Structure formats: structure tokens, C-alpha cells
Amino acid sequence: MNLLLLLFVFVLAAFLGFELIAKVPSQLHTPLMSGSNAISGITIVGALLATMVNSEGELAKYLGLAALIFATINVVGGYLVTDRMLGMFKQKDKGA
């Protein structure tokens, strides 16, 4: 029953996340990416705790490690995308 509830929450979150992102105007993508990076930072802390503190078995440690790797990739990629998008708004040098 617990696994079924977790699966339901996961599918619901994935569907709602997709619908929400699809309706965001392009002007809000940079602030949204910054918020996503903050949430992924929290995920990194949780993954570190799951990897180091959790003593329920090897599977939990491997899942924590996978979560840590994926969250780190998400944070680094988010910062790179945000930096590139903000670079598009910088004024170009007019020197000749």
C-alpha cells in the first residue's frame, strides 16, 4: 500500500510538473531556473543524508548516491543555462 501511494505521488508530481512548465512564459524561465536550483540544492542535502546516515541497507545508500549525482547534474546544468540566458541580456560592446 505504501509503495502504491508513493508511486501515485510520483506520477502526479511528474504530470503536474510537466503541465506547469509547459504553461510558463519564456520571460519567467530564468527566475524559474533559479528556484529549481534552490530546490535541487535541498535535494543534494537530503541525498547526502540518505547516503551517509541511513543504515537500512545497501539499496538505500545506492539510491542516495544516485540522487546525489542527478541533483548535482541538475544544479550545475541549471547554473550553466541561467548564466547563458543572462548573458543574452548583457549589452554588446560597441567599440570598433
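**Figure 1. Helices H1 and H2 each supply at least two residues of the lining of the largest pocket.** The model is predicted, with local features needing pLDDT of at least 70, side-chain atom pairs counting only at pLDDT 80 or more, and totals for chains, interfaces and linings using all residues. Residues are numbered from 1 along each chain as its sequence is written, and side-chain values use heavy atoms, with hydrogens and water left out. H2 spans residues 29-52. The lining consists of Phe 10, Gly 17, Leu 20, Ile 21, Leu 32, Gly 35, Ser 36 and Ile 39. Five of these residues are nonpolar, three are polar and none is charged (nonpolar: Ala, Val, Leu, Ile, Met, Phe, Trp, Tyr, Cys and Pro; charged: Asp, Glu, Lys and Arg; polar: the others, Gly among them). The space in the pocket amounts to about 300 Å³. A pocket is an open set of points on a 1 Å grid over the protein atoms alone, where a 1.4 Å probe fits, with protein on both sides within 12 Å along at least five of seven lines; lining residues have an atom within 4 Å of a point.

**Figure 2. Ile 39 lies in helix H2.** Ile 39 counts as exposed because its relative accessibility is 57% (buried is under 20% relative accessible area, exposed over 50%, partly exposed in between; 1.4 Å probe, protein chains only). Val 75 is 36 residues from Ile 39 in sequence, with 9.0 Å between their C-alpha atoms.

**Figure 3. Phe 8, in helix H1 (residues 2-22), contributes to a nonpolar surface patch.** Leu 5, Phe 8, Val 9, Leu 12, Phe 15 and Leu 16 make up the patch of about 610 Å². Patch residues have over 30% relative accessible area and no salt bridge, with nonpolar side chains (Val, Leu, Ile, Met, Phe, Trp, Tyr) joined within 5 Å and like charges within 9 Å. Phe 8 is exposed because its relative accessibility is 53%.

**Figure 4. Lys 23 and Glu 19 form a salt bridge.** The N to O distance is 3.4 Å; the criterion is a side-chain nitrogen of Lys or Arg within 4 Å of a carboxyl oxygen of Asp or Glu. One salt bridge is found in the whole structure. Lys 23 is exposed at 64% relative accessibility, whereas Glu 19 is partly exposed at 27%.

**Figure 5. The chain has three helices and zero strands.** Its pattern along the sequence is α-α-α. Helices (H or I, at least four residues) and strands (E, at least two) are DSSP runs, numbered from the N terminus. Of the 96 residues, 12% count as buried.

Methods
Areas by Shrake-Rupley, 256 points an atom, 1.4 Å probe, with all protein chains shown as cover. Points joined across faces, edges and corners; volume = space filled by probe spheres on them.
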